[in-house]
Amino acid sequence: MTKRKNGVEGIDDGALKKRITSEKSDGRPWSELPMDLLGDISRKLNLVDHLAFGGVCRSWRMSALASERDVIASQPPLVVLPSISADKVLSLYNIFEENTYHIELPTFASKECCGLSSGYLVFQDRKGQDELLLINPITRHELKFPTPPTNISHATITSPTTPSDSSIVALSKDFVRLLFYRPSDDKWTIYKTPEPKCFYADIIVFKGQVYVLTWNGKIWNLRLQSDASLTLFAVCDNPVPCSTILRRFSFQYRPNVFLVASDDELLMVNFRVFTRPKIFKVDLQTRKGVVTNTLGDKALFIADMSRALISNPTKWGGHNNCIYALDYYLDPIYVLSLEGKILQTLKDTGSSSCRKCTFYSSYWYFPNKCFHVDFLNEN
């Protein structure tokens, strides 16, 4: 294996191009294969092979671009592995194929990841001096926002197209402040917690609205018009006291409640590893959270920094109606039933030793989110 110019570890481009120009099929070079055949081939490749496929020649590149959305959308969740060389290389681990992909990100150095949104990794400067940088490791697209006034822990964008039409919402690392920046703003706006002795827990964009969760199971609607406001939207009855919802994490407190959404439903989840989770389906009409005991053909992929509700993971050889838990304190990845019982223990990705060398933990990356964006609705 050698390193390609685009930063993906894969096939040596020079050698492959030489073979393609010398080998012929029916007297024609491989670069002149029919586009429909190239399309069939490119759609069957995994993520890294697809990127290498597009770097061979112009016709193969055109075919790769045409199938790019389908290929990326079909990829399973990947584990982002921190490593000693994390300042230069981003490593993505496929738990179903047990393969690791290595991607170079030149602007990755000296920054720490503080969020994941619509396929973008959100990086802030370790010293809080440079701009907030968002990088899509698959498409290589970048967005930049002004430096936030404090270190942030969660961040989500409302539109990933260009900085001119995208707002960003984040939580402070101590979970007591909500921050947002709009294209028309000259500085970040900060909201303290809406109730006394309360912590923020999570933020999400769902069906064109920004929702903010507090640790006591209340969901707030953040409106980002010129007269921005934060109003109570829904309540999920949650009798669990604060002390069991907040847990220690690298000298910071992290909530055990969070929001997660699929195309058609919004969930609030109270989850701790090896305990029975409480899952609430939020009814947007009654504005209440109703307890549900099944995920149907979906599975929850959970980590401290990222989570998603994924449909039919059995197509990759996985399980439905369960939780894939990636936890800072646990070396293997556990597949858990909704009763909190272990269904499967997946191979240790080797990230435990890396955690001792770097400043953040492993988390899930969802390639299928790269082209799936819930744009903000201001109406």
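Select Cys198 to begin: this residue is buried, with a relative accessible area of 6%. Buried means under 20% relative accessible area, exposed means over 50%, and partly exposed lies in between, all with a 1.4 Å probe and protein chains only. The structure is a predicted model, in which local features need pLDDT of at least 70, side-chain atom pairs count only at pLDDT 80 or more, and totals for chains, interfaces and linings use all residues. Residues are numbered from 1 along each chain as its sequence is written, and side-chain values use heavy atoms, with hydrogens and water left out.

Lys197 sits in the loop between β15 (189-192) and β16 (200-206). Strands are DSSP runs of E with at least two residues, helices are runs of H or I with at least four, and both are numbered from the N terminus. Although Lys197 is not a glycine, its phi is positive, at about 50 degrees.

A positive phi also occurs at Phe274, which is not a glycine and has a value of about 70 degrees. Select Phe274 in the loop between β23 (266-270) and β24 (278-283). With 41% relative accessibility, Phe274 counts as partly exposed.

Now select Phe258, in strand β22 (residues 257-261). Is Phe258 buried or exposed? Phe258 is buried, because its relative accessible area is 4%. Display its contacts, meaning heavy atoms within 4.5 Å. Leaving aside neighbours within four places in sequence, Phe258 touches Asp202, Leu213, Leu267, Met268, Val269, Phe271, Ile302 and Arg307. Arg307 is 49 residues away from Phe258 along the chain, and their C-alpha atoms are separated by 8.8 Å.

Cys114 is in no disulfide: the nearest cysteine sulfur belongs to Cys113 and is 6.3 Å away. Cys114 is buried, with 3% relative accessibility.

Finish with Met35, Met62 and Leu65, which make a nonpolar surface patch of about 270 Å². A patch of this kind joins nonpolar side chains (Val, Leu, Ile, Met, Phe, Trp, Tyr) within 5 Å, while like charges are joined within 9 Å; its residues have over 30% relative accessible area and no salt bridge. A salt bridge is a side-chain nitrogen of Lys or Arg within 4 Å of a carboxyl oxygen of Asp or Glu. Accessible areas come from the Shrake-Rupley method with a 1.4 Å probe.

How values were computed:
Disulfide = S-S within 2.5 Å.
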